[in-house]
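Subject: Structure handover

Hello,

Please find the structure below. My notes on what was found in it follow.

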Amino acid sequence: MIRSNHPDVIHPYLKDASNLSGGYAQEVVFPEDEDDVAQVLEEACRTKTPVTVAGNGTGLVGSRIPFGGIVLSTEKLGGLKHIHQAAEEPGYAVTGPAVTLRALQEAVSAKGLLYPPDPTEQNAFLGASVATNASGARTFKYGATRKWVRRLKVVLATGDMLELRRGECLADKEGRLFLKGFRNTIALKLPQYRIPEGKHSAGYYSAPDMSALDLFIGSEGTLGVITAVELVLIPKPQELFSGIVFFGKEENAWQFAHQAREASLKNRASCAKDQIDASALEYFDSHSIEILRSAYSQIPQRAQAAIFFEQEIQPESGKKLAEQWFLLCRSHQALFDQSWFSQSPKEHTEFRVFRHAIPALVNKILRQHNQQKIGTDFTVPGEHLFDLLELYRQSLRDSGLRYCIFGHIGDNHLHVNLLPQNDLEADWGWQIYRKIALQIIQWGGTISAEHGVGKIKREYLLDMFGPSGLREMAAIKKELDPCLILGRGTIIPEEYLLD
Ligand SMILES: Cc1cc2nc3c(=O)[nH]c(=O)nc-3n(C[C@H](O)[C@H](O)[C@H](O)COP(=O)(O)OP(=O)(O)OC[C@H]3O[C@@H](n4cnc5c(N)ncnc54)[C@H](O)[C@@H]3O)c2cc1C
């Protein structure tokens, strides 16, 4: 196992995509299998040395940035091992943590299969996307990462190991879990707080009858190191129909998305064939359109908003379905003749690239000003979608800050990206962020739908679950990581661990 304390080796592990600064570490270790991981953790436990687990560094909340101790890089822990494909049963993949989502998707696609979660950042490692319960555009139809994980291997901070399968090791009626490690059995009391419906990646998961593996999904490297994952796969859709529909007014795009969402949910529930059933519904506001114009001069002049939609189709039903989407466009005053509809898989891929371009362009602007991104990751229950859009508009329009709003409108999950140009603006941005977060919590939403809490969103987790929720999380952490070495500073503030 390689270990290095050379500053040049350590340096890349002191950052992620959050721009959080100030990280430092004494060493980086590169375990090559789970025995190496156990050895590193046992030693760290003995010496009370903090350990920060690192994936591929695309996280947006600073959770992989160390503030002392050692970094445990997962990159030599192995990638994809096996893809199982058989007629009449779901496919599955067995993999180590270090396969990128892009490589995983390409490998399963070559076998005619699909791993449905679709996070925008394809360079993320699978292990980390389990650790953050990542989701993406297709979550509207297929749910988040959690739904597709059916087995995990985890090395605990003590060096003990767990092998957990969905449907096994369930929480009992009192909300207790008994985890059988290779060495010890650990009893845990699950938190009593209510997890919001829909997308959610903020703090430890808790639900009646839940499988033990769900506790580790979304735990952001604070409860154990994920060393193996088994994923459920589905047959790859035969064809896709997609479009980027432009609108002259943002409100028309909101209504279009709402109608498309309602129709999709209804048709999906009734298994209606050849009807609107989007797998992705993504929004771009006027500010996002302005930013995108720097890379796409062909965006219509009058466009003030856009929706990207995608639907899986059977080749024979393509024409009929396209007509339904066109009808929906026309009934919401879309700039129909200037909108883009895919005629080929190549065009479909180009539309996805267009969707994925916006966060990358935002990050480029932030780098120019050397500022940290202020990005919301809130969702609200469906009945508050329009309230949410109005709240964003009212809070931001007169703020004097540069911003844009884009993302997963089908899941009531829009990313507001504030682009401060200096520290003063950044302070102001965080004040606005907090005000919005408090309202989201009142509406029963979540402060993090997919990025996690990390080191930069802990105070909002406290707003959401209160001190009692934090204490319940801390109690779990102390049972699984009695030396308190893993992911220090992530999710749970220190004061809850040290009392
Ligand atoms: C442009 C852009 C777009 C993005 N779009 C999306 C999106 O659509 N959806 C989404 O969900 N996220 C998105 N993200 C965020 C990011 O890609 C995800 O959070 C991703 O899961 C992080 O993966 P990573 O390999 O980079 O992990 P890192 O950033 O290195 O680590 C993330 C967390 O996972 C933990 N971790 C890593 N590996 C393990 C392991 N094996 N065991 C235990 N813990 C581990 C780390 O300790 C850390 O807490 C985006 C980021 C960028 C920059």
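At which residue of helix 13 does a kink lie? The kink, of about 100°, lies at G466, shortly before the proline P467. Such a bend is the angle between axes fitted to the seven residues ending at a residue and the seven starting there. Helices (H or I, at least four residues) and strands (E, at least two) are DSSP runs, numbered from the N terminus.

Before going on, two points on the source. This is a predicted model, in which local features need pLDDT of at least 70 and side-chain atom pairs count only at pLDDT 80 or more, while totals for chains, interfaces and linings use all residues. Residues are numbered from 1 along each chain as its sequence is written.

Y460 also belongs to helix 13. Y460 counts as buried because it has 24 C-beta neighbours inside 10 Å. The term buried stands for 20 or more other C-beta atoms within 10 Å of a residue's own, exposed for 12 or fewer, and partly exposed for values in between, with C-beta atoms placed from the backbone. Neighbours within four places in sequence aside, Y460 is in contact with A437 and I447. Contact requires C-beta atoms, placed from the backbone, within 7 Å of each other. From Y460 to F354, 106 residues away along the chain, the C-alpha separation is 31 Å.

G489 sits in the loop between helix 13 and helix 14 (494-498). With 20 C-beta neighbours inside 10 Å, G489 is buried. Not counting residues up to four places away in sequence, G489 touches F67, K455 and E494. G489 and V53 lie 436 residues apart in sequence, but their C-alpha atoms are 12 Å apart in space.

Next, the ligand. There are 37 residues around the ligand, and G55, G59, G127, A128 and G221 come nearest. To be near, a residue must have its C-beta atom, placed from the backbone, within 6 Å of the molecule or strand in question. Two or more residues of this shell come from each of strand 3 (51-54), helix 4 (126-131), strand 12 (225-235) and helix 10 (345-369). Helix 4 gives the largest share, four residues. By class, the shell holds 15 nonpolar, 17 polar and five charged residues. Here Ala, Val, Leu, Ile, Met, Phe, Trp, Tyr, Cys and Pro count as nonpolar, Asp, Glu, Lys and Arg as charged, and the others, Gly among them, as polar.

The protein chain is assigned domain 1 (80-235) and domain 2 (239-442); such bounds come from an automatic or database domain assignment. Taken over C-alpha atoms, the two centres are 28 Å apart. Nine residues of domain 1 are in contact with 14 residues of domain 2. The side of domain 1 that touches domain 2 has two nonpolar, three polar and four charged residues.

Last, two backbone angles. Most residues other than glycine have a negative phi. N133, in the loop between helix 4 and helix 5 (139-142), has a positive phi near 45°. N133 is buried, with 28 other C-beta atoms within 10 Å. D209, in the loop between strand 11 (185-189) and helix 6 (213-216), has a positive phi of about 60°. D209 is exposed, with 9 C-beta neighbours inside 10 Å.

Regards

Technical notes
Two residues are in contact if their C-beta atoms, placed from the backbone, lie within 7 Å.
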